[in-house]
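Please open the model in a viewer and keep the selection panel at hand. The stops below are arranged so that each selection leads to the next.

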Amino acid sequence: MVLAKDDTEASERKTAAEEDGRWSELLRPDYLATTAALCLGVALFAFNEFFVSTALPTAVNEIGGATILSWAVTLYLVFAILGGAVAANLKARFGARSTLIAAALIFVVGTIIATTAGNMPQVLAGRVFQGFGEGIIAAICYALIPELFPARLVPKVFGAEAIVWATAAFGGPLVSGFLTEHWSWRAAFAVNIPATAIFVALVLFIVPARKAPSTDTPRPIPILRLAVVGAGILLISVSNTASSVPLMAAALATALTILWAAVATDRRAEHSILPGGAFQLTKPLGTGLWVVLLMPLAQASGSVYLIYGLQHVWNFSPTAAGFSAALMAISWSVTAIAVASLRSHDLRVKLIPTGPALLSLGLAGLMIAFAIDDFRLVFPSQIAVGAGFGISWGTLSQLMMDVSLRGERDKTSAFLPTLQSAGYAIGAAICGLTANLRGFDENADIATMHGALFTVFVVACLISTASLYLGLRTVRLAASQSRHDRARNAAQAFAGD
């Protein structure tokens, strides 16, 4: 009976999604505050990494700590992933409103510590609090989308969230650079405080309070498994700082082994962190989550090395090099809006594999650009990369929730931004190892840089090709599951008659 109820609700969601939801509805009084709150929650997470990475070099000039500068990003990312991993559990225990407010307070405490820091270790302490708080906030904001919006608007909200991520990739460094240049690096940190205050006010206004404590026994927080996952992600990030290529390779291999073991252990656990079927190749949720991981993993090649290559191989100015990031962000945003505006749910789902295909095309273009020494290929390639994410990301996120059982939906939705961050972390490490194997460093000559960056994008293309195969498989498995559910519902209705 529970399965039948879940299937019926999924069918109702799909039917409702076919209705003509309009972008303008997100700006109506009924949904404006809700839209603003969820987008702001994700924006705090998406922008914060870019704010800090742009401002910290200036901070080092004032407070020192250049040798541990990279840890400001590493610790934030690790604790954001841990916060995201535990978000669904906290939401089930304490309710969304209480959890969001507590996480926002943790984030503000971290921001205050980092903003007033007199040395780099204090900045790092603040980044730990910031990461953990924001990981929880971003995860729960994703989980609240299907709860706070009717099904016809869910694609639009996911489209809006995709635009937030795209805007952060371009706007974050610009805003942070402006604040740092005209005021101070502390202003780039402190801007998070009023933004968080607005977010808390919106949460109090739009997220309903928990009506009554649950009678169910609270699920224990799997601290040991979370610690293992944190150690694996930390080791991945640390691998980029290894003094030799063999040590880097060993650290990366060990980290990936730890994470794989953690996933295998979690599948057998009574109280799992991951939703049922995660990463299993026979289920649409499993293959879809692989796509969520692999697309950012492949795109990390451009995030880490493209701007550097434009400046050091083709002598672009920082502003001109940043134009390529702007192209990707604009393409991502425009495509996300266009896809979210399509009325047909089935058509949006069928378009999902087009995302990895365009990503592969764009990365192949970047590979060829370095192979033939022609920077003009960079710009259409970046447009293709952005369009790849825009055409698939929102629909893929929605599909992952739709193919989850109702009891697992919070786990799935909260896991999406966490998995995306993990993809970028793993991708950065793999790209770093690949470049270093080809002799890449700050003293490398132009020919070596060409060869190293060409190889980086070759590896990225292979990874994105894998995501294309898995995207096609996800759509086929989801269609098969939908047909099976409809047949079972019909059989149950016939038996009931």
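Are Phe389 and Trp393 buried or exposed? Select the two residues in this predicted model: both Phe389 and Trp393 are buried. They belong to helix H15, where they stand 4 residues apart, about one turn of the helix.

**Colour by confidence**

Colour the protein chain by pLDDT. The mean is 80, and 85% of the residues reach 70 or more. Select helix H14 (residues 354–372), where confidence is highest, with a mean of 95. Then select helix H1 (residues 2–17), where confidence is lowest, with a mean of 45. Over residues 1–18 pLDDT stays under 50, and the model has 29 contacts beyond four places in sequence for this stretch.

**Aromatic pairs**

Show the rings of Phe, Tyr and Trp next; the structure holds 11 aromatic pairs. One of them joins Trp314 and Phe370, which are stacked, with 4.7 Å centre to centre and 25° between the planes. Trp314 sits in the loop between helix H11 (284–312) and H12, whereas Phe370 sits in helix H14, so the pair ties together parts that are 56 residues apart in sequence. Trp314 and Phe370 are each buried.

Return now to Phe389 and Trp393, whose pair is tilted: the rings are 5.3 Å centre to centre, with 55° between the planes.

**Cavities**

Rolling a probe the size of a water molecule over the atoms shows where empty space is left. A search of the whole structure finds 5 cavities of 30 Å³ or more. The stop here is the second largest cavity, with a volume of about 80 Å³.

Which residues lie nearest the centre of the second largest cavity? Select Ala336, Val339, Ala340, Gly394 and Thr395, which hold that position among the 13 residues of the lining. H15 gives the largest share, 5 residues. Coloured by class, the lining of the second largest cavity shows 7 nonpolar, 5 polar and 1 charged residues.

Definitions and conventions
Residues are numbered from 1 along each chain as its sequence is written. This is a predicted model: local features need pLDDT of at least 70, side-chain atom pairs count only at pLDDT 80 or more; totals for chains, interfaces and linings use all residues. Side-chain values use heavy atoms; hydrogens and water are left out. pLDDT is the predictor's confidence in each residue, from 0 to 100. Helices (H or I, at least four residues) and strands (E, at least two) are DSSP runs, numbered from the N terminus. Contact means heavy atoms within 4.5 Å. On a 1 Å grid over the protein atoms alone, a cavity is a set of points where a 1.4 Å probe fits but cannot get out, and a pocket is an open set with protein on both sides within 12 Å along at least five of seven lines; lining residues have an atom within 4 Å of a point. Grid points are joined across faces, edges and corners, and a volume is the space filled by probe spheres set on the points. Ala, Val, Leu, Ile, Met, Phe, Trp, Tyr, Cys and Pro count as nonpolar, Asp, Glu, Lys and Arg as charged, and the others, Gly among them, as polar. Rings of Phe, Tyr and Trp (its six-membered ring) pair if their centres lie within 6.5 Å; planes under 30 degrees apart count as stacked, over 60 as edge-to-face and the rest as tilted. Buried means under 20% relative accessible area, exposed over 50%, partly exposed in between (1.4 Å probe, protein chains only).
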